[in-house]
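Please keep the sequence and the coordinates in view while reading.

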Amino acid sequence: MDEQEPQRQFKESRSEDTGDEFFVLGDKPYFHFVFTKSHATQMVLPTKMINLLPNAIVPVVLACQNQEWKMAYLGENSCKVFNAKWKAFVNDNNLKTGDACFFELTENSIEGLKFRVKILRDSFPIELLENAPGETSNTPIVIDMD
């Protein structure tokens with residue numbers, strides 16, 4: 001990795017993708033969280049992300065593991081969430097408490113949103129997220145589980 005241009009890379013602890021081994025976040029906005037029971041029924045988007053999104057009901061596509069899930073972003077509500085179709089994404093991806101999820105915003109318009117999603121399994125250590133939030137290239141998250 002070039003020290004002039006640090007990148008945020010993630011390598012899965014248990015590979016389930018048929019795609020790339022590494023998930024490299026570019027310069028697009030993203031958010032992350034460690035999955036808890038409360039995420040099983042509702043996905044409330046963080047403030048840093050909703051400030052970038054439309055204040056409207058907008059179609060959303062979540063792209064993960066070479067599949068796509070369609071749902072809606074409820075941006076008109078005071079609590080900005082994905083609609084009930086979020087549960088299908090949770091169930092289809094067998095999300096469990098402790099899984100880390102990264103959502104990179106790849107498309108953002110009033111016509112629709114698209115997030116590229118990466119799931120890191122096996123109780124991702126929250127300390128890594130707290131110590132290197134990856135908010136800027138000065139504080140990258142680089143995880144190599146080998």
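The count of disulfides comes to 0, where a disulfide is a pair of cysteine sulfur atoms within 2.5 Å. This is a predicted model, in which local features need pLDDT of at least 70 and side-chain atom pairs count only at pLDDT 80 or more, while totals for chains, interfaces and linings use all residues. Residues are numbered from 1 along each chain as its sequence is written, and side-chain values use heavy atoms, with hydrogens and water left out.

Cys-101 is buried at 0% relative accessibility, whereas Cys-79 is partly exposed, with a relative accessible area of 35%. Here buried means under 20% relative accessible area, exposed means over 50%, and partly exposed lies in between (1.4 Å probe, protein chains only).

The sheet comes next. Helices (H or I, at least four residues) and strands (E, at least two) are DSSP runs numbered from the N terminus, and two strands pair if DSSP finds at least two bridges between them. An open sheet is formed by 6 strands in the order 3-7-8-4-5-6, with mixed pairing. Its edge strands are strand 3 and strand 6 (81-82), each of which pairs on one side only. Both directions of pairing can be followed in the model. Strand 4 (residues 57-64) and strand 8 (residues 112-120) run parallel and are joined by 4 bridges; within this pairing, Val-61 stands opposite Lys-114. Strand 3 and strand 7 (residues 100-109) run antiparallel and are joined by 5 bridges. Strand 3 (residues 30-34) is largely enclosed by the rest of the structure, because 4 of its 5 residues are buried.

Phe-31 is buried at 1% relative accessibility, and Phe-103 is buried at 0%. The structure holds 11 aromatic pairs. Another stacked pair joins Phe-31 and Phe-33, 6.4 Å centre to centre with 20° between the planes. Ring pairs link Phe-31, Phe-33, Trp-69, Phe-82, Trp-86, Phe-89, Phe-103 and Phe-115 into a cluster.

In soluble globular proteins, nonpolar side chains tend to be buried together. A nonpolar core is a set of buried Ala, Val, Leu, Ile, Met, Phe, Trp, Tyr and Cys residues joined through side-chain atoms within 4.5 Å. The largest such core has 28 residues, and Leu-45, Leu-62, Phe-82, Trp-86, Phe-89, Phe-103 and Phe-115 touch the most other members. Strand 3, helix 1 (47-50), strand 4, strand 5 (67-74), helix 2, strand 7 and strand 8 each supply at least two residues of this core.

A polar residue is also found inside. Asp-99, in the loop between helix 2 (86-92) and strand 7, is buried, with a relative accessible area of 4%. The side chain of Asp-99 makes a polar contact with the side chain of Arg-121 (3.0 Å). A polar contact is a pair of N or O atoms within 3.5 Å; within protein, one must be able to donate a hydrogen and the other to accept it, and residues adjacent in sequence count only if both atoms are side-chain atoms.

Technical notes
Phe/Tyr/Trp six-rings, centres within 6.5 Å; stacked < 30°, edge-to-face > 60°.
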